[in-house]
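Take a moment to turn the structure around before reading on. The notes below walk through a few strands, then a sheet, then a pair of domains.

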Amino acid sequence: MEVIRGQEWKRPKPAPDASERPFFEAAARGELLHQRCPACGHRQFYPRAVCTACGADPEWAPSAGRGVVHTFTVVRQNGMPPFKHELPYVVAMIELPEGVRMLGNVTGVELDQVRVGLAVEAYAVEFEPGLALPFWRATRSGP
Amino acid sequence: MPSRDPVIVGIGLSDYPVAPHLSTPQHHAQAMQRALADSGVAKRDLDGFCCVGMGGGPGEAMVMAEYLGIDHRYVDSTMTGGSSFEFHVQHAAAALRQGLCETVLVTYGSNFLSARGRTLGTGGFGGPGGRVHGPDMYQAAYGLSLVGAYAMIARRHMHEYGTKPEQLAEIAVGVREFAGLNPKAMYRDPITVSDVLASRMIADPLHLLDCCVVSDGGGAFIMTTAERARDLRQPAVRVLGAAGGQTHWNISQMPDFTRSAAAKTAPETFAQAGLTPADVDVLQFYDSFTITVLTLLEDCGFCAKGEGGPFVAEGHLRRGGRLPLNTDGGGLSSCHSGMRGIFLVIEAVRQLRGQAGEAQVPRAEVALCAGSGGFLSGIGTVLLGKS
């Protein structure tokens with residue numbers, strides 16, 4: 001996925017510990033990770049220290065960085081900066097074909113074009129050097 | 001009735017919906033005083049205590065037991081959000097049956113509106129520009145509000161089942177009608193479906209009038225055994241069943257956006273009581289948002305999954321309908337000070353005693369309370385019955 005660097009970051013900033021950093025480091029390299037359990041095959045997101053299905057140690061797994069909108073809202077009132085200056089905006093649950101869902105913003109799309117089932121692709125925004133978070137936009141045509 | 005069967009014998013509300021003269025501990029204290037006076041229980045006889053408050057943390061019961069002076073043998077500060085008090089009924093009922101204690105006080109208090117204004121629904125998760133940890137690392141940066149989280153639940157229900165905004169609005173209209181009968185309710189003027197749809201959009205598809213109020217307020221109730229209740233002032237209300245469960249905590253982890261843990265806890269609660277949804281006379285459901293009620297209605301078995309919209313549009317939840325909902329004016333119009341679950345129990349008791357005045361449901365013998373905490377995350381269902 002595309003990585004946007006050098007953008008001023010005013011949003012809440014993740015403070016991952018060593019075990020949690022790989023997700024954000026991978027995003028900063030353009031790779032979107034989730035977790036897969038080597039013991040039972042269960043996939044999960046958010047990342048954690050245990051497989052929620054069988055209790056084994058999960059491993060990182062790559063995803064293609066594409067998904068569809070499972071559900072969404074257009075936030076029109078939020079008193080907290082920086083969001084109060086960005087209204088209205090789209091927050092959605094994105095369903096990935098790998099079998100996990102991620103919360104995120106869908107950007108660069110007309111509000112009335114967002115719908116359940118909309119195909120989206122991930123891009124990453126660095127919030128500090130070497131660490132990034134995924135965002136989503138409508139899938140562009142082409143390969 | 002076997003002597004150790006759990007019953008509710010006292011209820012009390014602190015001042016609401018706007019009470020700038022009360023701190024959070026003072027809400028607990030005033031509600032306790034009023035529940036004691038209502039029941040005729042002497043304070044020294046309280047030997048069990050369940051308590052949570054907004055922002056109280058896991059030590060809330062310890063803090064408040066000291067403040068109120070409760071010498072407890074059984075204590076519980078289970079915190080599941082707004083449904084905490086339905087879990088407390090389950091736990092206190094088990095403790096009473098087991099003989100761990102004889103008389104349990106449950107309290108809640110919050111000065112949310114006076115202390116923090118109307119920020120509950122439309123602030124973000126995590127502080128502005130602050131550092132976030134754990135699951136918030138994958139959520140907070142996207143600016144989802146609490147209303148927005150429920151809006152995603154409503155959107156999915158609309159997508160899967162064709163549920164319409166005007167059907168959700170009907171829930172708010174019916175609850176407002178009951179608020180008109182409660183002199184203390186925050187908003188009492190009648191509203192129509194058109195009013196709800198014309199109110200400003202907070203997070204699509206939820207309008208302002210799909211959302212609960214933000215208020216101050218606290219409550220208390222007292223549970224004891226059927227044997228002890230014989231000597232007390234009020235008709236005892238029986239705890240017929242109580243169950244709790246959770247499907248997730250964070251909204252991003254909700255496995256099915258159209259289904260809550262009530263789909264499991266309600267059948268368990270009805271089985272304990274030997275009753276079915278057809279036996280219920282009055283509903284006290286968590287109405288943080290109209291979609292909260294709709295989801296709980298389906299999950300509790302009053303209609304099939306997906307049929308909640310047409311069901312509510314038929315007017316069953318209205319005053320005079322066969323399942324009157326939130327007869328005190330609910331969180332949608334009367335009082336929501338952050339965690340509303342205690343008010344569900346208190347209003348159900350008022351109905352089953354026949355003390356609900358103009359809002360009294362005729363021949364109310366069985367009430368179902370369905371509490372929701374978090375984002376339809378932690379659900380507690382409680383069936384109460386007339387003695």
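Start with one pair of residues in chain A: A:Met93 has A:Leu103, in strand E8(A), as its bridge partner. Keep in mind that this is a predicted model; its scores are ipTM 0.97 and pTM 0.97.

**Around strand E8 of chain A**

Strand E8(A) covers residues 101–107, and six of its seven residues are buried. What joins strand E7 of chain A to E8(A)? Six bridges do, and the two strands run antiparallel. The hairpin of E7(A) and E8(A) has five residues between the strands, and there A:Gly99 takes a positive phi near 110°. E8(A) also pairs with strand E10 of chain A, here in the parallel sense, over two bridges. In that pairing, A:Thr107 has A:Arg137 of E10(A) as its bridge partner.

| Strands | Sense | Bridges |
|---|---|---|
| E7(A) and E8(A) | antiparallel | six |
| E8(A) and E10(A) | parallel | two |
| E2(B) and E4(B) | parallel | four |

**The sheet of chain B**

Now move to chain B, which averages a pLDDT of 95, with 97% of the residues scoring at least 70. Nine of its strands form an open sheet with mixed pairing, in the order E3-E2-E4-E8-E1-E9-E12-E11-E10. Which are the edge strands? They are E3 (74–76) and E10 (282–285) of chain B, each pairing on one side only. From one strand to the next, the twist averages 25°.

Inside this sheet you can look for B:Cys50, whose bridge partner in E4(B) is B:Val106. Helices lie against the strands too. Helix H1 of chain B (residues 24–39) lies across E1, E4 and E8 of chain B, at about 125° to E1(B). Helix H3 of chain B (residues 84–98) packs on the sheet and touches several strands, including E1, E9 and E12 of chain B; its direction makes about 120° with that of E9(B).

**Two domains in chain B**

The domain assignment of chain B gives domain 1 (6–117 + 216–236) and domain 2 (146–213 + 242–386). Their centres, taken over C-alpha atoms, are separated by 23 Å. How many residues of domain 1 of chain B are in contact with domain 2 of chain B? The count is 29, and they meet 34 residues of domain 2. On this side of domain 1, H3(B) gives the most, with seven residues. The residues of that side divide into 17 nonpolar, 10 polar and two charged.

Note on methods:
Residues numbered from 1 in each chain as written. Chains lettered and ligands numbered in written order. Predicted model: local features only at pLDDT ≥ 70, side-chain atom pairs only at ≥ 80, totals over all residues. Buried ≥ 20, exposed ≤ 12 C-beta atoms within 10 Å, placed from the backbone. Pairing = 2+ DSSP bridges. pLDDT = per-residue confidence, 0-100. Axes fitted to C-alpha atoms, helices over the stretch in contact; angles between N-to-C directions. Contact = placed C-beta atoms within 7 Å. Domains from an automatic or database assignment. Nonpolar A, V, L, I, M, F, W, Y, C, P; charged D, E, K, R; others polar.
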